[in-house]
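Here's a quick tour for anyone meeting this structure for the first time.

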Amino acid sequence: RTHTTIGWTCDWKVERRPATMKTLAEELAELPRELQAVLHAVAEAGNQVASALRTASVQEAGNTNAFGDNQLEVDLIADKICFDRLRDSGVVAMASSEEQTDTIPLGGKGFCVAFDPLDGSSIISTDFAVGSIFGIWAGDAFEGQTGKDQVAAVYVVYGPRTVLVVGRPTGDGKEEIVQEYTLHGEEWILERDRLVVGSRKVFAPGNLRASVENHRYGKLVEEFISEQYTLRYTGGMVPDVHHILSKGGGVFMYASSPSCPAKLRLLFESAPLARIVEMAGGASSDGRGSILDIKITGTDAKTPVFLGSKSEAAKCEKALAS
C-alpha cells in the first residue's frame with residue numbers, strides 16, 4: 001500500500017523470499033534426518049528469540065546463574081525458547097545452557113546440545129547486537145568429549161539483520177562448511193554459501209583490564225596498534241566473531257590475569273565458536289593450543305580465547321608464551 005503525507009511518499013512492501021535464493025531446509029536436505037532435525041530446532045529457536053527481543057523486558061529478573069551473572073527477564077525467555085525447541089525436535093537426549101548448567105534430559109535420542117541463549121545480554125539495554133550460541137555433540141553426554149567432536153555448531157546474531165551461521169558437514173561427509181543465512185519473514189534464506197577466514201588486519205581485544213597485570217597481553221595489544229590494525233570491538237562476543245567471519249579475517253582476543261580472570265565458558269561459548277572458526281579455515285587458541293583439543297570435564301570450565309585468522313592466532317599464542 002502507499003502512504004502519502006506532506007513532502008514524501010512511501011511504498012510499504014511485504015517482505016518476500018528472493019526467488020533465486022535457497023532456504024535452510026533446501027540446503028540441509030542432504031544431511032541425515034536426525035542432524036537436519038536438531039539444526040532446524042536451533043534455527044527456529046533463533047527465529048523465536050529474535051521475535052522475543054523486540055518486546056521482552058531487559059530488566060533484571062532478580063536471579064543469578066551458576067556463574068554469578070545477573071539474569072535478565074529476556075535471558076530466561078530465550079533460555080525457555082531454546083529448551084522447548086530442542087525438546088520438540090525429538091533428537092536431543094540432553095541439553096545444558098549457561099542459564100541452567102545442569103544437564104537436562106529432553107527425551108530424545110542422538111545429540112546433546114550446549115548453548116548460550118543470549119550472549120551479550122549485559123549490553124542489550126544499549127541496543128547493541130547480541131547473539132545465541134549452540135554446540136551440537138553426538139551422544140548423551142558432554143564429559144570426555146572435546147570441541148573437535150562437535151558434529152555441528154551454530155550462532156545467531158540479532159542486529160539490524162537477524163543472521164544465522166551454521167558450521168556443518170556436507171552431505172557426503174567429505175568436507176565441512178560454514179554458511180550464512182538471513183531471516184526473511186519466518187524463513188531462513190541462504191545469504192553466503194561459504195564463509196572463509198583468511199588474513200586481515202583487524203582485532204577485537206576483550207578484557208583489556210587484564211593487560212594491567214598480564215604484561216604479555218598488553219604488549220600484544222600495543223603490537224597490533226603499532227602495526228595499524230583496525231579496532232572492531234563491541235563487547236559482544238557473537239557480533240565480534242561474526243565480523244571476522246563476515247569480513248574474511250581478523251582476531252578476537254580475550255586474555256586473563258589474576259584479578260581479571262577469563263569469563264568465557266568453554267562449553268557454551270568458546271568451543272562452539274572455535275569449531276565454526278576452524279571449519280571456516282581459521283584457528284583457535286587458549287594461549288597454548290587449539291581450544292578444540294580441550295577435554296570437557298564439566299559445564300563450569302572457563303578459558304582464555306583467541307579466535308580468527310591463523311596468522312593472528314599464532315601471533316597471539318607466541319606473544320603469550322614468550
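## A first pair

What do the side chains of Lys22 and Glu27 meet in? They form a salt bridge, with 3.6 Å from N to O; the term stands for a side-chain nitrogen of Lys or Arg within 4 Å of a carboxyl oxygen of Asp or Glu. Lys22 is partly exposed at 47% relative accessibility, while Glu27 is buried at 11% (buried is under 20% relative accessible area, exposed over 50%, partly exposed in between, with a 1.4 Å probe and protein chains only). The two also belong to a salt-bridge network with Glu30 and Arg168.

## Where this comes from

This is a predicted model, where local features need pLDDT of at least 70, side-chain atom pairs count only at pLDDT 80 or more, and totals for chains, interfaces and linings use all residues. Residues are numbered from 1 along each chain as its sequence is written, and side-chain values use heavy atoms, leaving out hydrogens and water.

Asp88 is exposed, at 53% relative accessibility.

Another links Arg265 with Glu98, their closest N and O atoms 3.7 Å apart. Both of these residues, Arg265 and Glu98, are buried.
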